[in-house]
Amino acid sequence: MQPNIVILGSFVVDLMGRAHHLPKPGETVKGSMFKLGPGGKGSNQGVAANRAGANVTMVTKIGNDLFGKVATDFFEKEGMDTSYVFQDKEIETGTALILVDENTSQNSILVTSGACGNIKNEEILKCEDKIKEAKVFLTQLETNLDAVEFAIDIAKKNNITTVLNPAPIQPISDELLSKIDIITPNEVEASILTGVEIKDMDDARKSADIFIEKGVTNVIITMGNQGAYVRCKDEERIIPRYNVDAIDTTGAGDAFNGGFVTALGEGKGIFEAAKFGNAVGALSVTKIGTAPAMPTRETINNFII
Ligand code: ATP
């Protein structure tokens with residue numbers, strides 16, 4: 001049975017150009033390659049969950065423009081419900097301008113959230129019935145915070161499990177934290193939100209203690225190739241990473257979150273679901289890109305055996 005998952009999050013078009021060096025202020029550099037594709041944490045996590053086997057409803061906002069069509073075409077191709085992809089009449093679809101130095105792999109990125117930073121409460125209200133039917137509600141911090149808070153209130157009111165991936169990092173109130181069933185920061189985000197510098201799993205434990213004091217029920221800190229630290233009220237486990245040849249680690253966190261909520265929605269416990277998330281994260285780093293690197297359920301099942 002495919003679990004219903006509602007994901008409120010961003011959609012931006014990634015515009016990526018490569019050149020032999022990054023342009024300095026005022027300089028024009030001839031590029032060697034350009035690529036356009038779907039991006040944004042919400043969208044990436046939606047694709048990861050959808051491919052992992054969830055029935056995903058994406059709640060996001062696009063502009064009335066060409067890039068908005070990139071979003072709807074992409075979601076439809078992936079077989080995702082687009083009934084709650086809202087359209088802004090004035091603001092353009094979000095974009096990420098990514099410049100990559102092909103010699104050093106360093107990049108400069110300029111992200112504009114555009115329409116997905118202007119999601120209205122009345123639009124969230126239109127999704128209330130979908131949220132009520134969901135096994136899990138997942139969101140991040142790339143859309144406007146008031147929409148995130150409003151949607152979490154609706155999910156909470158209806159006893160739906162709330163998962164917050166607090167990325168990109170920004171201050172969040174203790175009141176919001178107290179409404180989160182499971183928070184899933186990476187180690188950098190957890191460090192900033194709790195003030196505990198995290199290098200190893202002992203540090204992760206200290207950071208999780210602070211999240212729990214602030215009222216979060218469960219904490220998962222993803223630690224890149226160290227795997228994930230998982231903490232429920234009275235129990236903790238370190239879920240080891242899967243060994244793979246990593247080629248491109250961008251989007252590993254999005255892959256983890258999409259996989260994790262899918263497994264949780266299927267009824268797996270938090271530790272088992274984090275193990276599934278680790279598998280999806282590991283598989284995603286074996287391929288280049290974010291959304292295109294998300295594995296299908298068949299690939300995940302063959303990998304886990
Ligand atoms: P990003 O910001 O690059 O999208 P992130 O920092 O949010 O990623 P990570 O903690 O790096 O997220 O990765 C999420 C999960 O993916 C990890 O907990 C781990 O299970 C898996 N993972 C990441 N990197 C590797 C790796 N090199 N090998 C195996 N698994 C990995």
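Asn-257 touches Gln-45, Leu-138, Asn-165 and Thr-184, leaving aside residues up to four places away in sequence; contact here means heavy atoms within 4.5 Å. This is a predicted model, in which local features need pLDDT of at least 70, side-chain atom pairs count only at pLDDT 80 or more, and totals for chains, interfaces and linings use all residues. Residues are numbered from 1 along each chain as its sequence is written, and side-chain values use heavy atoms, with hydrogens and water left out.

Asn-257 belongs to helix α9, residues 252-265. Helices (H or I, at least four residues) and strands (E, at least two) are DSSP runs, numbered from the N terminus. With a relative accessibility of 1%, Asn-257 counts as buried. Buried means under 20% relative accessible area, exposed over 50%, and partly exposed in between, using a 1.4 Å probe and protein chains only. The side chains of Asn-257 and Thr-184 are joined by a polar contact of 2.6 Å. A polar contact is a pair of N or O atoms within 3.5 Å; within protein, one must be able to donate a hydrogen and the other to accept it, and residues adjacent in sequence count only if both atoms are side-chain atoms.

Helix α7 covers residues 187-194, and its buried residues are Glu-189, Ala-190, Ser-191, Leu-193 and Thr-194. Among the elements that cover them are α8 (201-213) and β11 (218-222). At the start of α7, a side-chain oxygen of Asn-186 comes within 3.1 Å of the backbone nitrogen of Val-188. Just after α7, Gly-195 has a positive phi of about 75 degrees.

Asn-186 is also one of the closest residues to the ligand, along with Thr-222, Gly-224, Gly-251 and Asn-278; 19 residues surround the ligand. A residue is counted as near a molecule or strand if one of its heavy atoms lies within 4 Å of it.

| Residue | Protein atom | Distance to a ligand oxygen atom |
|---|---|---|
| Asn-186 | polar side-chain atom | 3.0 Å |
| Thr-249 | polar backbone atom | 3.1 Å |
| Ala-252 | backbone N or O atom | 3.3 Å |

**Aromatic rings**

The structure holds five aromatic pairs. Rings of Phe, Tyr and Trp (its six-membered ring) pair if their centres lie within 6.5 Å; planes under 30 degrees apart count as stacked, over 60 as edge-to-face and the rest as tilted. The rings of Phe-11 and Phe-75 are edge-to-face, because their centres are 5.7 Å apart and their planes stand at 70 degrees. Phe-11 lies in the loop between β1 (4-8) and β2 (12-19) and Phe-75 in helix α2 (residues 66-78), so the pair ties together parts 64 residues apart in sequence. Phe-74 and Phe-75 make a tilted pair, 5.9 Å centre to centre with 45 degrees between the planes.

Arg-237 lies over the face of Phe-271, 4.0 Å from the ring centre, and the charged end of Lys-268 sits over the ring of Phe-276, 5.5 Å from its centre. Such a charge is NZ of Lys or CZ of Arg within 6 Å of the ring centre and within 35 degrees of the ring normal.

**Cysteines**

The structure holds zero disulfides, a disulfide being a pair of cysteine sulfur atoms within 2.5 Å. Cys-116 is in none, as the nearest cysteine sulfur, that of Cys-127, is 14 Å away. Cys-116 is buried at 0% relative accessible area, and Cys-127 is buried at 1% relative accessibility.
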